[in-house]
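Please look over the sequence and the 3D structure below before reading on. The briefing that follows is grouped by topic.

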Amino acid sequence: MKSIALKLLTALALTIPAFAAGEPKHEKKVAGPNGGRVLTAVEPHLEFLVTKERKVEITALTGDLKAGKLSGQVIAVFAGERSQPTKLEFKEDGGRLVSSNALPKGNDFPVSVSIKPNASGKAVYEKFNLNLEVCPTCKYAEYACICAH
Ligand SMILES: [Zn+2]
């Protein structure tokens, strides 16, 4: 009798950790194909990347976050202090949208990305802090950081 009870206890002890191991489901952050930030406010998603010249490059993404074809979305970026932001306008260049002007000075300022499905469509805004320092943990710039350190 005692040995059966022990066996049952052992079986219970083995099943309980299996339940506890069920992790809560949450979306994993991923970087864009060029190492930029993925803007998820619109479909298709877009990649927001700052180039060496401090220009902003927007790449349309496919459902599995690969570089895709532009679909006529119209982008504007407002960067810097809200009272006096710098407006970046975009032109198509090699299948991407590249800003004609550069970001203002500094390595950490707020940006607001205005995304219209087409020239006459309604704008959706994605706002975030554009921190250009490189994350020490995941090697991406902080604005595109995927490790949430
Ligand atoms: Zn990181």
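E126 is buried (under 20% relative accessible area, with over 50% called exposed and the range in between partly exposed, using a 1.4 Å probe and protein chains only), yet E126 has no salt bridge. The nearest side chain of opposite charge, R37, is 4.3 Å away. A salt bridge needs a side-chain nitrogen of Lys or Arg within 4 Å of a carboxyl oxygen of Asp or Glu. Lys and Arg count as positive and Asp and Glu as negative, while His and the chain ends are not counted.

This is a predicted model, in which local features need pLDDT of at least 70 and side-chain atom pairs count only at pLDDT 80 or more, while totals for chains, interfaces and linings use all residues. Residues are numbered from 1 along each chain as its sequence is written, and side-chain values use heavy atoms, with hydrogens and water left out.

**Surroundings of E126**

- E126 belongs to strand 8, residues 124-131; strands (E, at least two residues) are DSSP runs numbered from the N terminus.
- The side chain of E126 makes a polar contact with the backbone nitrogen of T40 at 3.3 Å. Such a contact is a pair of N or O atoms within 3.5 Å; within protein, one must be able to donate a hydrogen and the other to accept it, and residues adjacent in sequence count only if both atoms are side-chain atoms.
- A polar atom of the E126 side chain also lies 2.9 Å from the backbone nitrogen of A41.
- Beyond its neighbours within four places in sequence, E126 is in contact with residues including R37, V38, L39 and V111, where contact means heavy atoms within 4.5 Å.

- C138 counts as buried because its relative accessibility is 13%, whereas C147, at 29%, is partly exposed.

**Backbone details in loops**

- E43 and P44 are joined by a cis peptide bond, with omega about -10°. P44 sits in the loop between strand 1 (37-39) and strand 2 (46-50).
- R54 is not a glycine, yet its phi is positive, near 65°.

How values were computed: Helix = DSSP H or I, 4+ residues; strand = E, 2+ residues; numbered from the N terminus.
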